[in-house]
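Colleague: I am new to reading models like this one. Could you take me through the terms with a few examples?

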Amino acid sequence: VTDEDRHAVEMYEFLARLFPICRSITGDGVRETLSHISDLGLPLVIREIPSGTQVFDWSVPQEWNIREAYIEHESGVRIVDFADSNLHVVGYSVPVDCVLSLEDLQCHLHSIEGQPEAIPYVTYYERNWGFCLTHAQRESLPEGKYRVHIDSTLEDGSLTYGELIVKGQTQDEVLISTYVCHPSMANNELSGPVIACYLAKWLLEASPKMTYRFVFLPETIGAIAFLSRNLEWLKCHMIAGFNLTCLGDEGSYSYVASRYGVTLADRVAEYVGNTTSPSFSSFSFLERGSDERQYCAPGVDLPLVTLCRSKFGTYPEYHTSLDDLSFVTPAGLAGGYRYVKACIEAVDNNVVPVASCLGEPQLGKRGLYPALSKKGSASASTGMLNVLAYADGGNDLLDIAGLTGLELRDVCLLVEQLVGLGLLTTSSGRTRNSSRLGRDGK
Amino acid sequence: VTDEDRHAVEMYEFLARLFPICRSITGDGVRETLSHISDLGLPLVIREIPSGTQVFDWSVPQEWNIREAYIEHESGVRIVDFADSNLHVVGYSVPVDCVLSLEDLQCHLHSIEGQPEAIPYVTYYERNWGFCLTHAQRESLPEGKYRVHIDSTLEDGSLTYGELIVKGQTQDEVLISTYVCHPSMANNELSGPVIACYLAKWLLEASPKMTYRFVFLPETIGAIAFLSRNLEWLKCHMIAGFNLTCLGDEGSYSYVASRYGVTLADRVAEYVGNTTSPSFSSFSFLERGSDERQYCAPGVDLPLVTLCRSKFGTYPEYHTSLDDLSFVTPAGLAGGYRYVKACIEAVDNNVVPVASCLGEPQLGKRGLYPALSKKGSASASTGMLNVLAYADGGNDLLDIAGLTGLELRDVCLLVEQLVGLGLLTTSSGRTRNSSRLGRDGK
Amino acid sequence: VTDEDRHAVEMYEFLARLFPICRSITGDGVRETLSHISDLGLPLVIREIPSGTQVFDWSVPQEWNIREAYIEHESGVRIVDFADSNLHVVGYSVPVDCVLSLEDLQCHLHSIEGQPEAIPYVTYYERNWGFCLTHAQRESLPEGKYRVHIDSTLEDGSLTYGELIVKGQTQDEVLISTYVCHPSMANNELSGPVIACYLAKWLLEASPKMTYRFVFLPETIGAIAFLSRNLEWLKCHMIAGFNLTCLGDEGSYSYVASRYGVTLADRVAEYVGNTTSPSFSSFSFLERGSDERQYCAPGVDLPLVTLCRSKFGTYPEYHTSLDDLSFVTPAGLAGGYRYVKACIEAVDNNVVPVASCLGEPQLGKRGLYPALSKKGSASASTGMLNVLAYADGGNDLLDIAGLTGLELRDVCLLVEQLVGLGLLTTSSGRTRNSSRLGRDGK
């Protein structure tokens, strides 16, 4: 058993601990989830934004909490019980306690005909109540009267999110965003928060160059609330961001591009994805669906992409009870972790190198060139000379990897060696070519 | 019989009324044609520029008028008579009245060996005279003496053109240019003026956003004379222009690009053409031949393209008597009218939308998002959100249609709806992406 | 026998005179070579830079000279003698005179197993000594003692290069760089200096528009030394440059691009190469290897490319005794000369034409348009009108050739004719499109 295996199992076990919690956009399920994250030893700061607070075009909703819910047949049999699966109750259902005919009950039931063994995940955006169940079970419901009972509250409270900063050597920031608002589903969403936690643990020990801001928030309204408080800071300091979701299955790697697909985050995701796996997929912003919708909206314009293995909406288990602890695996999580880590390293290591001398340097006097010149003798130093050739201030390391055909890791090593020799200086990873949006100089 | 059918027949009948008139670069034929246009109830202003006036590199030529012309065999038979077809006399022929041998006559005759049934259209740029006839007739000319008689005048007068303004809500102008200098040929040239007239009638009732300037002028020298008087104004106000010619046959739609093919007029013609018909053809500026030559010349640099069905020079009837009232049809004219109208609408509706709020708006509270969120429930609002996503001030409606894959008409409707909801504002159709020439920011 | 044949033979004979001289990075071989160049009647200025002078990152090395060297078997037979081929001694070998066993001798021998009949060309960058011989000879060395003798000196002196200016009508400069530091090899390197000499002879009589600076220098250190003295001047005045090497064999034409492949020199080489031969090859800067390495280094950033027939490193004779007077031919040299001459002419003739009048000019009154307009009659003047159409100040002649599909020579002739007619003016060959590096406006 390797360290990496142990690490994978540790992530999986943490995910399994978070799985039973009934999360929603607001409420105690979010708080309990964040409390588990703190328990990992992470310096998480909990933010609460009161219901009714205006955040951009939105208003923070009332807080929803639920204790108990079931449907009971007149025969006394509990047909559906929230205690069995928190997917059984439609999110934001108002309290109810009444007796109905099967016909009337049907109007409040949700199932998926094409996936008869799956309980769907459904949420209300208006005052209503409902239950979700498998289509198989729904088909077998006997005639008769049913008692429905939902013991929930929908009242003023707050929206909760967690924020965690890993200070780096500079104020340049990388944002890692992930969401904690879905009930018991493993890939979408717990893979994102779990991998984020373990990346934070790693970075806290790694003394990175950039500062890392992790946010664990409810999707959409949480991202909007966070942005409404931090947009100006992020516009000044954020150089790249990654939204993490659907990273724990064993499907191919993918990413969802930013609005024009040309920010540093896009370039990194493309490079890492393509060099990691031949089956890597790029999805355009037209196929967005997670918080890249907010981070890349006009006027917000942050350089963020979403990283996934099997992208949300593309696998049948998505948004059903089938997205469970068997769909996500330790190996799947470990791969997702490595993928995001490689993206972070590519950003963290990225610099703009500038050659220190005019013309080629004399490598020979530094022992870097063979003492004997004959056919082919220059090849050993070719990589080094190619890096120097494009170290003209217009290219960052990713550009140089693309221009020279060298692997990014080799470019990094060569730059380090050349800096040590006094042949290069480097400036921060921002060049005119890695502007935030990459379009029209914005 | 539909309204559109009646409209098509009306255009065709108007074209048939203009057909017999003997037009040339200057002279009474042009004036009579413009007078018919006024008679449609259009507020046409007639401009006269005296012979000898310097216009850019050119000088307005003398005015040419012709009353009678024929060739008579010594047997007394009239072989060729201007009264039968005004194509029989070479344009700008000087007066002549003499008797020649067949051999000497041949030097003044023009026919097309490969099209033995066609009378060619020929014009002189120097003092000379000549007759045009079918090659079949020419081959059958008997030996003997011939009397040739041309009763024409070539003397100081003026160049005549007509101008018609449809005032819009802004000073931004769209130029519609077409020419009235060819004798009896139907597609090239009467289809252009006829469709222009009926577009003017439509616009006068449509209260468009842009101002429309229609000009009916002799090709080349007329466009140059018009430009020499109006260039500074056009450079300030003209946002797009369309030169109309060869729009009455039933061939495929096409357009001739501006110098670099990237102005708003080009983008509109490409979009409308490609979405109208799979057989749409784009011709580069190297294949130009009509007044786009002047409007797009260096230093003039106006954003204009030429719209055609079968492009001039590409069909065998071109510049012969075969381009007659049977080559042009009501259906052909109706299609040409719809094509140009769609281009005008695309320009008139074009705006640069800018999202009013940061992040995505809350569509739910506006009743635009389903109250229930389950798999696939967002798709109804996807179009709206995609328009908002690219409403960043850098794109006009044509750009957004291209970026989102939505049809332009749907983008227009969505923008209207979003403006109504207060979620978008719009500015005029000029962005940095729709600059006049589209190259190097000019 | 044509003039061109005589010219080819003259070049070949001059090359043959230079062939036996023992050149190295420094020393009397370089001086003797430059002296032969002066003897052609060329106004060459000899520059000497003392050993130890700091030039950018480098230091000018000590001067190496050699009089005699051999290996003698104990039997008295001279196995290897510098008098037979100056490739037999490793460049920069220190003096030695001693007796060794065959085994000890082997450590100082160089041969190529895969090319058993070739003496390799080898140079030291450290204090050492060695001999080169064919692998066949090396295999047949008998056992026994060997006396090795090298009578060389390695001591303070200078680095020598030659510079030759052909004054043009402007201060805009074209740099022709070639190297004179290799012992007896014909294609790499004597073809370059020989063709440079004959181009200089031609330009001295041709009164070119640009000023031409020819440099004959040792590769790498010579280019660096030259640049360290002249960089500011070159940055201000040099509009294009060509490094000449491997131009005397009969292989296909090729060139090595500048750093981003988009300078005027690249555009010229691409145009001339592609229109000269369908087998023309473009090599990227990643495949560089000659002095383009220095001229195109970051911070130096000069618009220079290397012109070759068979590119260095791509043919088996490269850097061996097989690159001899049979590998280079009069016809090969003549073709190389024509290729470089065509590139020079393309630069020298290059201008940015600007149309003098608005709209198209009236070609008819200048006798350039047929007096009679009928189908197809405009085609004769189409080339002229196309040149005028793109004479908008944004294009040089190469751009116009590309935009119109005309041959560069025809564009030149038409521009000359149009200037004569007062329809065009021209400015120097620099436009925003022909910037030095062609990237990001640098």
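Modeller: Helices (H or I, at least four residues) and strands (E, at least two) are DSSP runs, numbered from the N terminus. With that naming, Phe56(C) lies in the loop between strand S2 (54-55) and strand S3 (58-59) of chain C. This is a predicted model, in which local features need pLDDT of at least 70, side-chain atom pairs count only at pLDDT 80 or more, and totals for chains, interfaces and linings use all residues. Residues are numbered from 1 along each chain as its sequence is written, chains are lettered from A and ligands numbered from 1 in the order in which they are written, and side-chain values use heavy atoms, with hydrogens and water left out.

Colleague: Why is Phe56(C) called partly exposed?

Modeller: Buried means under 20% relative accessible area, exposed over 50%, and partly exposed in between (1.4 Å probe, protein chains only). Phe56(C) has 23%, so the residue counts as partly exposed. Phe56(C) also has a positive phi of about 50 degrees, although it is not a glycine.

Colleague: What makes Ser207(C) exposed?

Modeller: Its relative accessibility is 56%, which is over 50%, so Ser207(C) counts as exposed. You will find Ser207(C) in the loop between helix H5 (186-206) and strand S14 (211-217) of chain C.

Colleague: Why is H1(B) called oblique to H5(B)?

Modeller: Helix H1 (residues 3-18) and helix H5 (residues 186-206) of chain B pack at an angle of about 130 degrees, with their axes 10 Å apart. Angles under 35 degrees count as roughly parallel, over 145 as roughly antiparallel, 65 to 115 as roughly perpendicular and the rest as oblique. The angle of about 130 degrees falls in the rest, so H1(B) is oblique to H5(B).

Colleague: How do you know that Phe14(B) and Tyr198(B) form an edge-to-face pair?

Modeller: Rings of Phe, Tyr and Trp (its six-membered ring) pair if their centres lie within 6.5 Å; planes under 30 degrees apart count as stacked, over 60 as edge-to-face and the rest as tilted. Phe14(B) and Tyr198(B) are 6.3 Å centre to centre with 65 degrees between the planes, so they form an edge-to-face pair. Phe14(B) lies in H1 and Tyr198(B) in H5 of chain B, so the pair ties together parts that are 184 residues apart in sequence.

Colleague: And why is the pair of Trp64(C) and Tyr92(C) called stacked?

Modeller: Their centres are 5.8 Å apart and their planes 20 degrees apart, which is under 30, so this pair is stacked. Trp64(C), at 4% relative accessibility, counts as buried, and Tyr92(C) is buried at 9%.

Note on methods. Axes are lines fitted to C-alpha atoms, for helices over the stretch in contact, and angles run from 0 to 180 degrees between N-to-C directions.
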